[in-house]
Amino acid sequence: MANVIHGINGPVVTVKNSSDFSMLEMVYVGHEKLIGEVIGIDNENTTIQVYEETGGLTPGEPIESTGSPLSLTLGPGIISNIFDGIERPLREIAARSGDFIKRGSDMPALDEEKLWQVTITAKVGDTVSGGCIIATCPETASIEHRIMVPPLISGTVSYAAPDGQYKVNDVIAKVTDKKGVEHDLTLCQKWPIRDPRPVKNRLECITPLITGQRIIDTMLPIAKGGTAAIPGGFGTGKTMTQHQLAKWCDADIIIYVGCGERGNEMTQVLDEFGELIDPRTGKKLTDRTVLIANTSNMPVAAREASIYTGITLAEYYRDMGYDVAMMADSTSRWAEALREISGRLEEMPAEEGFPAYLPSRLSAFYERAGMVETLCDKQGSVTVIGAVSPQGADFSEPVTQNTKRFTRCFWALDKALAYARHYPAINWITSYSEYDTTLARYYEQNVDHRFMEARGRLIAILREENALMEIVKLIGADVLPDDQKLTIEIARVIRVGFLQQNAFHKEDTYVPLEKQYRMMEVILHLYDKGLDMLNRGIAIQKLTASGLFESLIKIKYDIENNRLDKFDELIKQIDETVSTITND
């Protein structure tokens, strides 16, 4: 008896009295063959969530079983492509159906006709196992694609094709396992999106993801293989912060997932990334970028799948030995999709209507990040940076609070800073990073042995200023002693001259670690000189009238990233000015 639709409730479809389906199996729904996934089975009903708009479906339409879970096709052609939440190529769909995706569009994720220049590295007689690299091909000008044995296959190479041009489905090698079964290996493989790809070992995260953004690299660092949350209300700059990180961080590959975001924001991403030049390679930034666009007007069920699609693509390139950074914008929209589907299933709601399993889903997602030793004995990493969009900037809501439990960086965006045009609008008081101690050795060995000490002093000054401002609001700054006035002045230099950064200035949009340290050094040098003056009984007003504080605020623009010798001249200028004031 054929399986047919019994009931339809939004993206949720039910089938009566069927034992033909298995949990998390992918199915085709209706005459148009809409893609769906089995999410519930009991004695009477099979429940399916459909990843496309279900308008027009009617009871009695057929449902086809595929016998396999919802999986991605992984192979050359992913980089620089644009996919929807279930890995359908949007450029090809647009070329075929116009500006709107036609329902039931079942195009292959990768171009099956394109020829790739493949170098075969495996030889007949080689013993291989899951993750072993058997061939390579140039995927883009920046990325070499390494074709691997699928994780669950091992044995002896019984056939290896010669070097040459091949399509993604062409057989380039055969492996015979211990049972004598021969497996054909092509340029691509399949992997279920909800299953983490296996690794040999998980490693400690001891190398920073360098972003060129001072408040992140210096104050709130994230490690390669780490996790970070960027919570913030509307208009605080979550998306722009992630854009800046995607453009400038030193990951090999960027996976950007627009999960339920506005269409105009995704359009901006596509336009900007297409024009940008990668500062590391001098080639197009899109040569190392994958975009997954699942905008707010796309089906809600596909939004729920989109972050799993992104993390699976990230794990695939991690297994080749690359450092991958994944931007999820925004996980709140993903959680809202979970809530909507949970409501359709009539599940018992928890806090604010979210399902009770929201924390475990968030945990399972963020746990797929990490620095690992791959099955082919290489090191690779997946860094996950997830934006959170709490309604009314209320950080006590469930998605923000549960995300905070499973991430080690919390970059809280502040509405007051954003409205004051202070970007990135990350609040240095309420934000934190738990990677600072594990990354300390890297900074001390690769930048300067006093880097962490300087960072600690800057943080202490900012915290002291925060406490002093409570007093200033009540009784004014004039009654403060001179040493506290100096703290407030230096804190202003740190806030405006160091933490505030201009994404549209060629010297300030990206700042190397060495310059970040020298900026801290010169700010603290002025602070120490000011304290020395106060100890000699000289009033703070003389130092503030010298113009040194304003000069330090401008160093981010005035000193080029490749002219760090100018900092020595600036320190000399500070010494001369202070000496003149002292001798007057």
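The model is predicted, so local features need pLDDT of at least 70 and side-chain atom pairs count only at pLDDT 80 or more, while totals for chains, interfaces and linings use all residues. Residues are numbered from 1 along each chain as its sequence is written, and side-chain values use heavy atoms, with hydrogens and water left out. Helices (H or I, at least four residues) and strands (E, at least two) are DSSP runs, numbered from the N terminus.

- Strand E4 spans residues 34–41. Six of its eight residues are buried, so the rest of the structure largely encloses E4. Buried means under 20% relative accessible area, exposed over 50%, and partly exposed in between (1.4 Å probe, protein chains only).
- Strand E3 (residues 25–29) runs antiparallel to E4, and four bridges join them. Two strands pair if DSSP finds at least two bridges between them.
- Tyrosine 28 has isoleucine 35 in E4 as its bridge partner.
- E3 and E4 form a hairpin, with four residues between the strands. In that turn, glycine 30 has a positive phi of about 80°.
- Strand E5 (residues 45–50) is also joined to E4, by five bridges, and the two run antiparallel.
- Isoleucine 41 stands opposite threonine 46 in E5. A hairpin through three residues connects E4 to E5.
- In a regular strand, side chains alternate between the two faces of the sheet.

**Helices H10 and H11**

- Helix H10 covers residues 436–446 and helix H11 covers residues 451–475. They pack at an angle of about 130°, with axes 8 Å apart. Axes are lines fitted to C-alpha atoms, for helices over the stretch in contact, and angles run from 0 to 180 degrees between N-to-C directions.
- H10 and H11 are therefore oblique to each other. Angles under 35 degrees count as roughly parallel, over 145 as roughly antiparallel, 65 to 115 as roughly perpendicular, and the rest as oblique.
- From H10, Asp436, Ala440, Tyr443 and Glu444 meet Phe451, Met452 and Arg455 of H11. Contact means heavy atoms within 4.5 Å.
- The residues of this contact divide into four nonpolar, no polar and three charged. Here Ala, Val, Leu, Ile, Met, Phe, Trp, Tyr, Cys and Pro count as nonpolar, Asp, Glu, Lys and Arg as charged, and the others, Gly among them, as polar.

**Salt bridges**

- The structure holds 33 salt bridges. Each is a side-chain nitrogen of Lys or Arg within 4 Å of a carboxyl oxygen of Asp or Glu.
- Arginine 344 bridges to glutamate 340, with the closest N and O atoms 3.6 Å apart. The two lie four residues apart in helix H6 (residues 331–344), which means a separation of about one helical turn. Arginine 344 is partly exposed at 29% relative accessible area, and glutamate 340 is partly exposed at 34%.
- Arginine 492 bridges to glutamate 489, with the closest N and O atoms 3.3 Å apart. In helix H12 (residues 482–499) they are three residues apart, so about one helical turn separates them. Both are partly exposed: arginine 492 at 24% and glutamate 489 at 22%.
- Lysine 506 and glutamate 507 meet through their side chains in a salt bridge (3.2 Å, N to O). Lysine 506 is exposed at 67% relative accessible area, whereas glutamate 507 is buried at 12%.
- Salt bridges that share partners join Glu37, Arg194, Glu304 and Arg361 into one network.
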